[in-house]
Structure formats: C-alpha cells, structure tokens
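These are my notebook entries on one structure. I went through it topic by topic and wrote down what I looked up.

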Amino acid sequence: MKVLLIGYPKCSTCKNASKFLEEKKIEYEYRNIVEECPKKEELKIWIKQSGYPIRKFFNTSGNVYKSLNLKEKMEHLSDEEKLDLLSSNGMLIKRPILINGDQVLVGFKKEEWEKI
C-alpha cells in the first residue's frame with residue numbers, strides 16, 4: 001500500500017516532507033490539498049486514526065484562518081462545524097498530512113516521520 005501525502009505545492013514544509021520520503025525511498029501518492037480538498041468523511045476518519053484533537057488539523061498560522069478570525073471563534077464551534085470549515089477550504093488544514101494505512105501524521109516533524 002502506497003503512502004498518501006497531502007500537501008500544498010508552494011509550501012516549504014510540504015516540500016521538505018516530499019524530500020524526506022524520497023530520501024527514504026518511500027513510494028507515495030501526492031494530493032494537492034487545494035485542488036482536492038479533503039472531504040468531511042475523510043477528515044473524520046483521519047482525526048480518529050491520528051489520535052489528535054480536531055484543532056490540531058487547523059492551519060492556525062494561515063491567512064484564511066486569520067481572516068475568518070477563527071482563533072476567537074474556535075471554542076464556540078461544534079466538532080461538526082469545525083469539520084464543515086476544514087472540508088470547505090484546503091488552506092484551513094494544517095499540512096502536510098501523511099497517511100500510511102491507519103497511521104496519520106499532521107505537520108512535518110522528522111522524528112515522528114522516522115517511525116513510519
């Protein structure tokens with residue numbers, strides 16, 4: 001089974017993640033998070049598999065997050081509303097996301113990725 005890397009081509013962290021996988025000779029499929037935004041159902045599965053809270057999937061340093069003033073709104077949103085937001089705009093999602101079977105990693109931390 002191939003690893004799935006979800007990222008944004010202009011993102012330097014995503015480029016580093018791709019380079020890491022290539023150096024480790026790990027075959028992967030690349031999915032552009034903007035052109036093919038993750039669907040709500042996919043996000044539900046990944047969040048559960050990752051063990052991370054849903055807020056970890058938000059790109060809190062991104063312009064879309066800031067322009068929607070989500071920092072102040074986040075605690076008042078239900079998980080369903082958060083999923084609706086995430087699935088509506090790929091730029092709201094923290095990247096890269098690595099999916100390896102039932103393993104899901106969010107963001108690129110070399111130490112975590114070494115374990116795959």
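In which loop is Lys 25 found? I located Lys 25 in the loop between α1 (12-23) and β2 (28-32); helices (H or I, at least four residues) and strands (E, at least two) are DSSP runs, numbered from the N terminus.

**Entry: ground rules.** I noted that this is a predicted model, in which local features need pLDDT of at least 70 and side-chain atom pairs count only at pLDDT 80 or more, while totals for chains, interfaces and linings use all residues. Residues are numbered from 1 along each chain as its sequence is written, and side-chain values use heavy atoms, with hydrogens and water left out.

**Entry: backbone angles.** I looked up phi for Lys 25 and found a positive value of about 60°, although Lys 25 is not a glycine. Lys 25 counts as exposed, at 74% relative accessibility.

Asn 69 is not a glycine either, and has a positive phi of about 55°. I placed Asn 69 in the loop between α3 (63-67) and α4 (70-73). At 38% relative accessibility, Asn 69 counts as partly exposed.

I also checked a peptide bond. The bond that joins Arg 95 and Pro 96 is cis, with omega about -5°. Pro 96 is found in the loop between α5 (79-88) and β3 (97-100).

**Entry: strand β3.** Which strands pair with β3? I found that strand β1 (residues 3-7) pairs with β3 in the antiparallel sense over three bridges; two strands pair if DSSP finds at least two bridges between them. Leu 5 stands opposite Leu 98 in β3. Strand β4 (residues 103-106) is joined to β3 by four bridges, and these two run antiparallel. Ile 99 has Val 104 in β4 as its bridge partner.

I then looked at the turn. β3 and β4 form a hairpin with two residues between them, and Gly 101 in the turn has a positive phi of about 65°. Are the side chains on the two faces of β3 buried or exposed? Ile 97 and Ile 99 on one side, and Leu 98 and Asn 100 on the other, are all buried, and both faces of β3 are covered.

**Entry: cysteines.** A disulfide is a covalent bond between the sulfur atoms of two cysteines. Here a disulfide is counted as a pair of cysteine sulfur atoms within 2.5 Å. How many disulfides does the structure hold? I counted zero. Cys 14 is in no disulfide, and the nearest cysteine sulfur, that of Cys 11, is 3.3 Å away. Cys 14 is buried, with a relative accessible area of 2%. For Cys 37, the closest cysteine sulfur is in Cys 14, and the distance of 14 Å is too far for a bond. Cys 37 is buried, at a relative accessible area of 17%.

**Entry: rings.** I looked up aromatic pairs and found that the structure holds four. Rings of Phe, Tyr and Trp (its six-membered ring) pair if their centres lie within 6.5 Å; planes under 30 degrees apart count as stacked, over 60 as edge-to-face and the rest as tilted. Phe 20, Phe 108 and Trp 113 are linked into a cluster by ring pairs.

**Entry: salt bridges.** A salt bridge is a side-chain nitrogen of Lys or Arg within 4 Å of a carboxyl oxygen of Asp or Glu. By this rule I have seven salt bridges. One of them joins Glu 114 and Lys 24, with the closest N and O atoms 3.2 Å apart. This pair links distant parts of the chain: Glu 114 is in helix α6 (residues 110-114) and Lys 24 in the loop between α1 and β2, 90 residues apart. Glu 114 is partly exposed at 41%, and Lys 24 is partly exposed at 42%.

Arg 31 meets Glu 36 in a salt bridge (3.6 Å, N to O). Arg 31 also meets Glu 42 in a salt bridge (2.9 Å, N to O). Glu 42 lies in helix α2 (residues 40-50) and Arg 31 in strand β2, so this pair ties together parts that are 11 residues apart in sequence. Arg 31 is buried, with a relative accessible area of 7%, whereas Glu 42 counts as partly exposed at 23%.

Notes:
Buried means under 20% relative accessible area, exposed over 50%, partly exposed in between (1.4 Å probe, protein chains only).
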